[in-house]
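Here is a friendly walk through one protein model, with a few local details picked out along the way. Have the coordinates open as you read.

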Amino acid sequence: MNLKIKPIETDSAAAPPAAKVDAPQRVLIVDDSRLQRKILCSSVKRWGFEVHEAGSGEEAMVIAQEIQPDLILSDWMMPGMNGLEFCNAFRQISQDRYGYFILLTSKSEKAEIAMGLEAGADDFVTKPVDANELRARIAAGERILRMQRELTEKNRLITDTLDELQRVYDSLDSDLIEAKKLQQSLIRERHKSFDTGDVSLMLRSSGHVGGDLVGFFPAGEGHLGLFSIDVSGHGISSALMTARLAGYLSATAPDQNVALHRAPDGTYAFLPPEEVIETLNDLVLDEMDTEHYFTLLLADVTLETGHVRMAQAGHPHPAVQRKNGDIEQDGPGGFPVGLMSGISFQQFETQLLPGDRLLLLSDGVTECPDGTGDMLEESGLATIMTELADVSGPPFFEALLWKMTEFAGGDQFPDDVSGILFEFSGPDH
């Protein structure tokens, strides 16, 4: 084969190479003709590159694995491993660091060019080689390699960032799982039996932690306090606020429970529920630096008689299901706690008879949407309660969640769901 390089007619032959920052530097020239390699090497070195040469495809493979060339100029027709075979083999070993491959060929037919591209070649220079054209092809390869390596570096940075974010997420997820355990531990008992009735509790957050809280506490001789709280939002800050509120309505530290009054003889009595909510409203506005507010339903149950006095602060109405199946949902509504000072709340009452039950729920139940966006509402809750009239205790809440899942078309509800069920059996059951 005869390879002739036409001399460059301008000063570009002596021009300095492109910027070397992140620029390709190592060029491997492969040709079975020593003379032709010498001619090519002379020009490429003059352009500022580090040049390596090989007399065959087999030798080029050894060198390529050792130096990882940025750019390769290879003759197509060589004995043994030809240029196409070398290109294909080179691509198998250069997956991590891309090398720009230019085939030197006298072939110009479209089918043969397509063959070269399929083998992994990036560009072609037709022999006899024109120095201006070769320099231009190499410059194009430099630009492509530079962009490719910039993209690789950006992808690496993105991958590293995503890995770091994943580590942060895993750490947060682990912390949230522990936080969920702690929040669930605020409900020490999910079911408790008394001489005249049973109380059952449910707490199900829409995420790891949520803003709902339910509970009960001894409220003096023969009295039981019930509370259902729904803090605005669903995340960590809402959960922290529920923990703070749990301390204000503590079952284990009556002296810290704002709903209880300690008499001189050491006994405790339930304060009027509406006054308790007013106290909580002042505490939130005066002592808590928070944008959160919450709804609340607070009830004082007289265990012997079934008499219930309550106060409502923006929480859903309590539902009373009578022994005969009738359902009553009513209340004054009221204003949420923590939004405005000077708000007063109204007490209301109901009388439970043996076989009746009282259900307090957060709005995650009545505002549960179906597939079209329509909410369950109080009418839907009444239907479910009627269907579950014979189900009592913790199984009632399990069945309620199943009914909500059927209604919503899935068990991932958009809001926290919580509730208290007090079933009054009476003193002579």
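By class, which residues make up the lining of the largest cavity? The lining has five nonpolar, four polar and one charged residues. Keep in mind that this is a predicted model.

**The cavity**

The count comes to one cavity of 30 Å³ or more, and the volume of the largest cavity is about 50 Å³. Its lining is formed by Pro-316, His-317, Ala-319, Gln-329, Leu-359, Leu-361, Ser-362, Thr-366, Glu-378 and Leu-381. Two elements give two or more residues to that lining, namely strand 17 (357-361) and helix 9 (377-387).

**Backbone details**

Helix 9 also holds Glu-377, and the phi of Glu-377 is positive although the residue is not a glycine. Gln-68 is another non-glycine residue with a positive phi. The table sets the two side by side.

| Residue | Place | Phi | Relative accessible area |

Pro-128 sits in the loop between strand 5 (123-126) and helix 5 (131-185).

Gln-68 follows helix 2. Which residues of helix 2 are buried? They are Gly-57, Ala-60, Met-61, Ile-63, Ala-64 and Ile-67.

Helix 3 has a partner of its own to look at. Helix 3 (residues 83-93) packs with helix 4 (residues 110-119) at an angle of about 25 degrees, and their axes are 8 Å apart. That angle is why helix 3 counts as roughly parallel to helix 4. On the helix 3 side, Leu-84, Cys-87, Asn-88 and Arg-91 take part, and they meet Met-115, Gly-116 and Ala-119 of helix 4. Sorted by class, this contact has four nonpolar, two polar and one charged residues.

**Two contact sites**

Where is Thr-302 found? It belongs to strand 12 (residues 294-302). Thr-302 is buried because its relative accessible area is 16%, which falls under the 20% cut-off. Apart from neighbours within four places in sequence, Thr-302 is in contact with Gly-222, His-223 and His-307.

Pro-272 lies in the loop between strand 11 (268-270) and helix 7 (273-287). With neighbours within four places in sequence left aside, Pro-272 is in contact with Arg-309 and Gln-347. How many residues apart in sequence are Pro-272 and Gln-346? They are 74 residues apart in sequence, while their C-alpha atoms are 9.9 Å apart in space.

Note on methods:
Residues are numbered from 1 along each chain as its sequence is written. This is a predicted model: local features need pLDDT of at least 70, side-chain atom pairs count only at pLDDT 80 or more; totals for chains, interfaces and linings use all residues. Side-chain values use heavy atoms; hydrogens and water are left out. Helices (H or I, at least four residues) and strands (E, at least two) are DSSP runs, numbered from the N terminus. Buried means under 20% relative accessible area, exposed over 50%, partly exposed in between (1.4 Å probe, protein chains only). Contact means heavy atoms within 4.5 Å. Axes are lines fitted to C-alpha atoms, for helices over the stretch in contact, and angles run from 0 to 180 degrees between N-to-C directions. Angles under 35 degrees count as roughly parallel, over 145 as roughly antiparallel, 65 to 115 as roughly perpendicular and the rest as oblique. Ala, Val, Leu, Ile, Met, Phe, Trp, Tyr, Cys and Pro count as nonpolar, Asp, Glu, Lys and Arg as charged, and the others, Gly among them, as polar. On a 1 Å grid over the protein atoms alone, a cavity is a set of points where a 1.4 Å probe fits but cannot get out, and a pocket is an open set with protein on both sides within 12 Å along at least five of seven lines; lining residues have an atom within 4 Å of a point. Grid points are joined across faces, edges and corners, and a volume is the space filled by probe spheres set on the points.
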